Amino acid sequence: MAPEIATCPVCKQKLMVQDYVVVGSEMVCANCETTLRITSRKPLKIELVPYTATLDMNGRPESYS
């Protein structure tokens, strides 16, 4: 399965999402550093994670670009 492309809802940067990333995973936009969560894989949908939910020191997700 090939990687899919999603668009950041904040800056419109195109993000490549690998096929092994599951629903509920969080990622960071490489352009605007906004935290995003995958809500669906078929079709691929992402949503913005509120800033207050990202203040956990150990909870910062990886950056995918």
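Start in the middle: the largest nonpolar core has 11 residues, namely Ala-6, Cys-8, Leu-15, Val-17, Val-21, Met-27, Cys-29, Leu-36, Ile-38, Leu-44 and Ile-46. Two or more of these residues come from each of strand S2 (14-17), S3, S4 and strand S5 (44-48). A nonpolar core here is a set of buried Ala, Val, Leu, Ile, Met, Phe, Trp, Tyr and Cys residues joined through side-chain atoms within 4.5 Å. Buried means under 20% relative accessible area, exposed over 50%, and partly exposed in between (1.4 Å probe, protein chains only).

A word on what you're looking at: this is a predicted model, where local features need pLDDT of at least 70, side-chain atom pairs count only at pLDDT 80 or more, and totals for chains, interfaces and linings use all residues. Residues are numbered from 1 along each chain as its sequence is written, and side-chain values use heavy atoms, with hydrogens and water left out.

Zooming out, the protein chain has six strands and zero helices. (Both are DSSP runs numbered from the N terminus: helices are H or I with at least four residues, strands are E with at least two.) Buried residues account for 32% of its 65 residues.

Now to the hairpin. S3 (residues 26-29) and S4 (residues 35-41) pair in the antiparallel sense over three bridges; pairing requires DSSP to find at least two bridges between the strands. Across that pairing, Met-27 sits opposite Leu-36 in S4, and both residues belong to the core. Cys-29 touches Cys-8, Cys-11, Gln-13, Leu-15, Thr-34 and Leu-36, leaving aside residues up to four places away in sequence. Contact means heavy atoms within 4.5 Å.

Five residues lie between the two strands of this hairpin, and Glu-33 takes a positive phi near 60°. Is Glu-33 buried or exposed? It counts as exposed because its relative accessibility is 57%. Thr-34, in the loop between S3 and S4, counts as buried because its relative accessibility is 14%. Thr-34 touches Val-10, Met-27, Val-28, Cys-29 and Leu-48, again not counting residues up to four places away in sequence. Its C-alpha atom is separated by 9.1 Å from that of Pro-50, 16 residues apart along the chain.

Most residues other than glycine have a negative phi, and most peptide bonds are trans. Besides Glu-33 with its positive phi, Lys-12 has a positive phi of about 70° without being a glycine. Lys-12 is in the loop between strand S1 (4-7) and S2, and counts as exposed because its relative accessibility is 55%. The peptide bond from Lys-42 to Pro-43 is cis, with omega near 0°, and Pro-43 lies in the loop between S4 and S5.
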